[in-house]
Amino acid sequence: MIQKPRGTEDLVDLKVREYFALEVIIRQIVDSFNYNEIKTPIFESLELFKRGVGQETDIVSKEMYTFKDRKDRELTLRPEGTAPTVRAILENKMYINENLPLKLFYFGSMFRYERPQAGRNRQFNQFGVEVFGPKTAEIDSEIICLSSTILNTIGLDNHTIHLNYLVNGEQRKKYIEDLKKYLKPKKLCDDCKKRMEVNPLRVLDCKIDSKQFNDVIDMKDYLSDQDKKYFENLILNLKNIGIKPIIDKLLVRGLDYYTGFVYEVKDKNGSTLLGGGRYDELVNQLGNVDLSAAGFGLGMERILIALQEEEIYISQPVSLDAYIIGLSEKAKQFSNILLLALRKSGLKADFDFMSRSMKSAFKQSEKLNAKNIIIIGDNELKENVVIIKNQITKEEKKVTFDKIVDTIMGE
């Protein structure tokens, strides 16, 4: 038997209902924040991610699904959503001043070749938010507020927000120099030894070595006066809307394009639910347009796992307004007409297409949580009636054809 590729997942039954419910809730929230949807291709030019995400990041150097098309062009299945969104706004010239701030969101499948584990598949679904326009603490606090609102709404309100501010400019050079001195005596993994030469900041993000860095030099001590003031203003804005972040000096995120504030939201066990930050140089880097930007990404599967762990269910159980049982061939033919009438009236209805015995058909109606069972046989057809059994009140009555819809809707 052919099986699904390793690192992929079939969403069925309750899982797919929970996924859809999560998407619906998120869509309602981002709509209230006045964000508009964007959809980008599932594959892009390899160069986009080399330039956008960073040549030496694990994503680009190890994890991408890259291939050549028939004209020998190098393409890759998108591993993340920010670089494609930036490419799209540049290509479609969406950055004109009257569009700003440009507030976008997306849902989509992403692909990374990494070791499959709970909440981390090779194909995974991500919700993301990207805001383009002025660099302001108000925009940053709205992004953090939006992510927290999503989690609070679905019941994951026992979370913490971890925040840091990446040092930039000349101050970054000094910090990197001192960071190298700090890291030099440490026993680092092979990957971090390479990162030390290319981007020492990423060593702090290592899942293997990070326990050694509790006394690491603090980036905040290297910030310019302007950046310190900005960071203080962001924290004040968050405080004003009831959010008290944890300042985390080890937080750097795993992508090279971040330039200012970065944050992650963690559950009560310390697992990361979502993360993001500011990337003010990425648009210029990809398209020579001076435009600040910030955003966050949320793994849908990771959130569904967190909900399951908390025994929180956000989808409605399967239920029908009516389930029809036809007892003869003529009754089955009439059932098709009745199904159409019920569905046109906005009712959720189904029919026993398997020609089960009466006992089995009733069991199936219970499995589908049907509020009403409609029974039709040859005798009922002669009388122009059906038998409707209300499964809640257990009342059973004969109803004429012209009253079926009204009877079901009146329950």
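## Close-up views of a predicted model

P101 is found in the loop between α4 and β5. This and every other detail below comes from a predicted model.

**Figure 1. A cis peptide bond joins L100 and P101.** Omega of this bond is about -5°. Most peptide bonds are trans. The loop that holds P101 runs between helix α4 and strand β5. Just after α4, K93 takes a positive phi of about 50°.

**Figure 2. Helix α4 is largely enclosed by the rest of the structure.** The helix covers residues 82-91. Nine of its 10 residues are buried, so the description "largely enclosed" applies. Which residues of α4 are buried? They are T82, A83, P84, T85, V86, R87, A88, I89 and L90. What do these buried residues pack against? Two helices take part, α2 (46-52) and α9 (282-287). So do the strands β2 (43-45), β5 (102-111) and β6 (123-133).

**Figure 3. D13 has a positive phi of about 50°.** This residue is not a glycine. Most residues other than glycine have a negative phi. D13 is found in helix α1, which spans residues 13-32. Is D13 buried or exposed? Its relative accessibility is 59%, so D13 counts as exposed, the cut-off being over 50%.

**Figure 4. N288 also has a positive phi, near 55°.** N288 is a residue other than glycine. Where does N288 lie? It lies in the loop between α9 and β11 (292-299). Helix α9 is one of the elements that the buried residues of α4 pack against. N288 has 70% relative accessibility and therefore counts as exposed.

**Figure 5. Helices α1 and α10 pack at an angle of about 110°.** Two packed helices are described by the angle between their axes and the distance between the axes. Here the axes of α1 and α10 are 10 Å apart. Helix α10 covers residues 300-309. How are α1 and α10 placed relative to each other, given that angles of 65 to 115 degrees count as roughly perpendicular? The two helices are therefore roughly perpendicular. On the α1 side, the contact uses K15, E18, Y19, L22, E23 and I26. On the α10 side, it uses M300, I303 and L304. The residues of this contact divide into six nonpolar, no polar and three charged. An α-helix has 3.6 residues a turn, so residues three or four places apart point the same way.

**Figure 6. The second largest pocket has a volume of about 310 Å³.** How many residues line this pocket? There are 17. Those nearest its centre are E9, K15, L304, I305 and Q308. Two of these names return from the helix contact: K15 in α1 and L304 in α10. Helices α1 and α10 each supply at least two residues of the pocket lining. Which helix gives the most to the lining? Helix α10 does, with five residues. By class, the lining holds eight nonpolar, four polar and five charged residues.

**Figure 7. R6 lies in the segment before α1.** Its relative accessibility is 56%, so R6 counts as exposed. R6 and R122 are 116 residues apart in sequence. In space, their C-alpha atoms are 7.7 Å apart. R6 touches R122 and P116, leaving out residues up to four places away in sequence.

**Figure 8. The largest cavity has a volume of about 70 Å³.** How many cavities of 30 Å³ or more does the structure hold? It holds two. The largest cavity is lined by 11 residues. N199, L201, V252, L255 and D256 lie nearest its centre. Five residues of the lining are nonpolar, two are polar and four are charged.

**Figure 9. L368 is found in the loop between α12 and β14.** Helix α12 covers 358-367, and strand β14 covers 372-376. Is L368 buried or exposed? At 18% relative accessibility, L368 counts as buried, since the cut-off is under 20%. Which residues does L368 touch, not counting residues up to four places away in sequence? They are V318, S319, L320 and Y323. K180 is 188 residues from L368 along the chain. The C-alpha atoms of L368 and K180 are separated by 62 Å.

Methods
Residues numbered from 1 in each chain as written. Predicted model: local features only at pLDDT ≥ 70, side-chain atom pairs only at ≥ 80, totals over all residues. Heavy atoms only, no water. Buried < 20%, exposed > 50% of the residue type's maximum accessible area, 1.4 Å probe, protein only. Helix = DSSP H or I, 4+ residues; strand = E, 2+ residues; numbered from the N terminus. Contact = heavy atoms within 4.5 Å. Axes fitted to C-alpha atoms, helices over the stretch in contact; angles between N-to-C directions. Parallel < 35°, antiparallel > 145°, perpendicular 65-115°, else oblique. Nonpolar A, V, L, I, M, F, W, Y, C, P; charged D, E, K, R; others polar. 1 Å grid on protein atoms, 1.4 Å probe; cavity = no way out; pocket = protein on both sides within 12 Å on 5 of 7 lines; lining within 4 Å. Points joined across faces, edges and corners; volume = space filled by probe spheres on them.
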